[in-house]
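Please read them with the structure open.

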Amino acid sequence: MFLEKGKISNFQLSVLIVGFVFGSSVIISPGGGAGHDGWIAVAIGLMEGLLIAWIFTALAKQFKDKTIIEINSLIYGKILGKCISVLFIWYLFHLGALVLTNYMHFFNLQIYPATPKTVELLLLMLVCASTVGRGIEVLARLSIILVPLTTLLIISDTFLLIPHIDLSNLMPILDVPIGKLLLASHGAASFPFAETAAFLMVLAFVDKPEKGPSAVFRGLLIAGFILIIVVARNAAVLGQMAEITIYPTYLAAQVIDIGDILTRLEVVVGINLITMGFIKISVLFYGTVLGLAQILNLRSYRPIILPVGILMVILALTNVGNTLEMFEFATKGYPVYAVPFQIGIPLLTLGIAKLRKIPPKGEGNI
Amino acid sequence: MISLLLIGFVMVALWQIPSLVRTGWWKEIIVFMVLWSAGLILSVIVSMGIKLPPISTIINKSITGMFGI
Amino acid sequence: MKRGQRFKIYMVILLIIIPVFLSGCWDSKELNKLSIVSGLGWDIDPDTGEVTLTYQSIIPNEIKSSSSGSGGGEQKGGNPLRTIQLDQDTGSSSYDVLNRYTQHGSRIPFYQHTQVYVFGKDGVQRGIYPFLDTQARNPVARPNVLMVVSEKKASDILGIQDGMENIQAFGMASEIKLSATFTKYPAVTVLEFQKRLMSQTTAPIAPMVGIFEETGPEGKKTQKIRITGTAVFKGDKMIGQLNERESSGLLWGINKIKIGFVMLPEASLEIVTAKSKIVPELQGDQIKITIEIDEESNLIEYKGHQDMTSDILQELEKDQAKEIESQVMAAVEKSFSLDADVFGFGEAVHRKYKKEWQDLKPRWDEIYPDIEVVVKVKTHLNEIGDINKALIKD
């Protein structure tokens, strides 16, 4: 593995996963379309996400030190494998740009309306590029600081909102027609839980591969559980406004007003987006660059970091025409579009690997 | 605007190229130049105001069209 | 140069450049270029539909001098300090008007500290939907701002220097919140208004204020602001109002009782805690709502000349319950006559009877006045105060 010499511990992996899942979900609540039963949709989506995680972690465990790119080449042969890998890399790249788009629209709407979007994105991209350039270990270590801090902030936000929580807003339970609920659940699964399929590029560097899957599950469960609480809390505080607001977490935070001193805490939500968005984008960025380097057999991924970063920013800027399109894509097209990447490729690859019995039992790497 | 862009891109190139040339990693230089030029051309197009196709929207429309969601 | 040194130089350059961006990037706003709007008033001309917007903005310097010197907001000569400035604009729609601040000001309005939105009664009867849309859509607008309807024109209300507070809108906001705490009139934030509006069956409400003239000690007339009722909306239009008694009854019904008093002819009681619950029941086609109220109180004034006995206490508890019940029923009756579900009975039915609600909801306006409402009050008198015998005996 000359492209990446670092190793991350299982604990770091879990933390990374939590940060990744929080990613843009601290701003755009998953489970949209299910009304005040959104939290149930998130819970069901979490289960679906765990299932999907089971698939790709099994794949990663089968091929201990290999990233999905290398696995593809092994299973499908060099040419077909590289083609499939290109598709996967495209997904990572596109997803990174999508997160940047989310980030950009939120900040431009709520916090920095006058700042040119390019500047915001480039600044963030520079930080991500610098981090990715130093390898996955650095990213993992950074997340150990950022993720618990964010989690603390989210939990305290929730506590501060307790006086405003009206649980009757969550009733009646299961008011939404089942069809809509399942659709919303799948939406919650594709965004954000199953996106952890991106970790197929990272799992190769875990120092104890056998414990890898449980680390992933742990991360997913923790993040999922917190997200369920957040979505339920937003619905309880905002009532039906939670359904029409694009950024319910932000609106809920605006309600906090304790003794006229603890007010205007919605900025904290913005900070959460910066830190968690940074982690998610860095992971995706890392996957893209590393994958590209592996496909092209480069000696290192460092030279292509900056150009890829710039291209990602360009894609983020031109991705969608306006916020509405971004939202529509996230709720309608994306849950379908993501399936071949999140489920299709890992499942297919795993299936063929098991059938063809690759790698042969008892042997190490090729 | 365009001059800023050009300066930016040249700086990026100057950052990477010298170290690559020194170590003789030709393949990497080629890949870098390809990506770099793509970035340059696209940025120039965007800053000139020509609208690039909104990829996510296109994907969205084809999917909703196909499945009629 | 060695690599380490080059790196350090880059770091230094970065550290110098970055703080430049930290002060809000392109969006930095200097305080002296801002006009901090403490209250916003909307008057809609009933004939032309034109919107007149009144801004109450804070004059920063005046605040400083008044707080250091006199503390009552009055200078030596007895003239109230000008701590606020009023500006007005008229236009054809709400945002059209909001845009015209440049016609009267040298500063950009800053809405993050706005405490109240005041709506003139005429305008409110016409409907305030465009305003509500702007409020919800605009990222600058905060959900905690209080909604207020004024008897006359909003511009009049915002102009009155009144009371102990330096900044009138802040004072008005405190006054409204205080009255809500004392279970007299509701304090309604924009968010609460929006939630009620979105419910499609629950009627939005807002407190109403009016101007009263008082004759001061030297015979000087001052104008003061008083809360006078609760405005009841259907959708975005005001259709009626609740008086003081009915407003209290409403607060009792929706579990918003905090501190307060129950006044009986023979005694006054102070509310310690109180809880209420709305329990719906569907009997065939007939909807029956039971409002269950649990209350604990202390005796603070007894007008009779008798000593305290447990019989008297029980009497008081019963009378208390009756009084609360009649307040609530007054509110219920008024809401029936207005056909406005201010209590949220609809949502209560929805929560309990999911399936039936689908049929009931579209007909709610018809069904509502036929609802059978029963108020069950349980009261408990805790303390009788420091004395248990009368001061004067008959």
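**Notes on the model**

1. Start with helix 1 of chain B, which bends by about 30° at B:I17. A proline, B:P18, follows within four residues. The bend at a residue is the angle between axes fitted to the seven residues ending there and the seven starting there. Helices (H or I, at least four residues) and strands (E, at least two) are DSSP runs, numbered from the N terminus.

2. A word on the source: this is a predicted model, in which local features need pLDDT of at least 70, side-chain atom pairs count only at pLDDT 80 or more, and totals for chains, interfaces and linings use all residues. Residues are numbered from 1 along each chain as its sequence is written, while chains are lettered from A and ligands numbered from 1 in the order in which they are written.

3. Back to helix 1 of chain B. It covers residues 2–23, 22 residues in total. From first C-alpha to last it reaches 32 Å, close to the 32 Å expected at 1.5 Å a residue. The expected span is 1.5 Å times one less than the number of residues. Helix 1 of chain B is hardly covered, with a buried count of one among its 22 residues. Here a residue is buried if 20 or more other C-beta atoms lie within 10 Å of its own, exposed if 12 or fewer, and partly exposed in between; C-beta atoms are placed from the backbone. Just after the helix, B:G24 takes a positive phi of about 70°.

4. Also in chain B, look at B:I58 in helix 3 (residues 55–67). B:I58 and B:I41 are 17 residues apart in sequence and 22 Å apart in space, C-alpha to C-alpha.

5. Next, the contact between chains A and B. It takes 26 residues from chain A and 27 residues from chain B. Two residues are in contact if their C-beta atoms, placed from the backbone, lie within 7 Å. On the chain A side, helix 12 (305–318) and helix 13 (323–337) are the elements that give two or more residues. Helix 12 of chain A gives the most, with nine residues. By class, this side has 18 nonpolar, four polar and four charged residues. Ala, Val, Leu, Ile, Met, Phe, Trp, Tyr, Cys and Pro count as nonpolar, Asp, Glu, Lys and Arg as charged, and the others, Gly among them, as polar.

6. Chain C also touches chain A: 15 residues of chain C are in contact with 18 residues of chain A. Helix 8 and helix 11 of chain C each supply at least two residues to the chain C side. The largest share, five residues, comes from helix 8 of chain C. By class, the chain C side has six nonpolar, four polar and five charged residues.

7. Helix 11 (residues 345–352) of chain C is mostly covered, with six of its eight residues buried. Among them are C:F345 and C:H350. The buried residues of helix 11 pack against several elements of chain C, including helix 8 (190–199), strand 11 (267–283) and strand 12 (286–302).

8. Chain C overall has 13 helices and 13 strands. Of its 394 residues, 37% count as buried. It is divided into domain 1 (22–242) and domain 2 (244–394), with bounds from an automatic or database domain assignment. Between the domains, 19 residues of domain 1 are in contact with 23 residues of domain 2. Strand 8 of chain C gives the most to the domain 1 side, with four residues.

9. Why is strand 6 (residues 146–150) of chain C largely enclosed by the rest of the structure? Because five of its five residues are buried. C:L146, C:V148 and C:S150 point one way, and C:M147 and C:V149 the other way. Strand 6 pairs with strand 5 (residues 116–120) of chain C in the parallel sense over five bridges; strands pair if DSSP finds at least two bridges between them. Two bridges join strand 6 to strand 7 (residues 205–215) of chain C, also parallel. C:S150 stands opposite C:V209 in strand 7.
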